Amino acid sequence: ENWEPLIGNVEFEHVDFYYNEGEYILQDFNLKVKKGQTIALVGETGSGKSTIVNLACRFYEPTGGRILIDGKDYKERSQNWLHANIGYVLQSPHLFSGSIKENIRYGKLDASDEEIIEAAKIVNAHEFISKLEKGYDTEVGEGGGMLSTGEKQLISFARAIISKPKIFFLDEATSSIDTETEAKIQYAIDNVLEDRTSFIIAHRLSTIRSADVILVIEKGKVIEQGNHHEL
Ligand code: ATP
Ligand code: MG
């Protein structure tokens, strides 16, 4: 396998997609993100924002068209390569059965305990983890068990921090998150976005405004595009 270093250009080229045969969510969707750029996706609920992120992370594949990373169809890359180069925090964050430590380490399998704690500190997750009786060794159970959505997102951020991906996708949770966790997530976002190609679906106007390009999505199509001065 060719482990050529990733540059970080991402392109959706005439992408079609449906979950149920023929019920198109995206049709001829086109998008170009250059290395280091931050793209914010905004649009009403059900417009297709998470679908775009899930395709970009390859949880699903286009039913038509292609998604290219540095000019090459991502289907030609191995899952391991994608895993090593792409970080994500999803709307419904998934944790694996195992400890919190193992869940963070999933971002970089040879990470030391110190690296894991350091990553958790950067995203402000260390505090709540330390308060748990078993701390980093707390078993979260399939799907994350007793942790809140916000806490699961923070663990996902820590995972993304240690893997240092060139490409990062963020689909902020919409479910109720308390203000304290919300502030921590904001802090994590500011730390993670630096210097990466990022797709973000965020709630805070300030996060969206700082994006290089804002795409307004409606029914799976880009209906407006520009930075916050232009829109
Ligand atoms: P929100 O702002 O609520 O998160 P969204 O813009 O992220 O919405 P998507 O989750 O991408 O929207 O959903 C786009 C469309 O695809 C919706 O009509 C939704 O019902 C449908 N959809 C999403 N996930 C699935 C799925 N797993 N199976 C079938 N349909 C789905
Ligand atoms: Mg969504």
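A: The shell around ligand 1 (residues whose C-beta atom, placed from the backbone, lies within 6 Å of it) consists of Y19, I25, G43, T45, G46, S47, G48, K49, S50, T51, Q91 and T174. This is a predicted model, in which local features need pLDDT of at least 70 and side-chain atom pairs count only at pLDDT 80 or more, while totals for chains, interfaces and linings use all residues. Residues are numbered from 1 along each chain as its sequence is written, with chains lettered from A and ligands numbered from 1 in the order in which they are written.

By class, the shell holds two nonpolar residues (Ala, Val, Leu, Ile, Met, Phe, Trp, Tyr, Cys or Pro), nine polar (the others, Gly among them) and one charged (Asp, Glu, Lys or Arg). Helix 1 (residues 49-56) supplies the largest share of the shell, three residues. Helices (H or I, at least four residues) and strands (E, at least two) are DSSP runs, numbered from the N terminus.

Strand 7 (residues 167-171) is largely enclosed by the rest of the structure, because five of its five residues are buried (20 or more other C-beta atoms within 10 Å of their own, all placed from the backbone). One face carries I167, F169 and D171, the other F168 and L170, and both faces are covered.

Strand 7 pairs (at least two DSSP bridges) in parallel with strand 6 (residues 86-89) through four bridges, where I86 stands opposite I167. Five bridges join strand 7 to strand 8 (residues 197-201), also in the parallel sense, and there D171 faces I201.

Key. A residue is buried if 20 or more other C-beta atoms lie within 10 Å of its own, exposed if 12 or fewer, and partly exposed in between; C-beta atoms are placed from the backbone.
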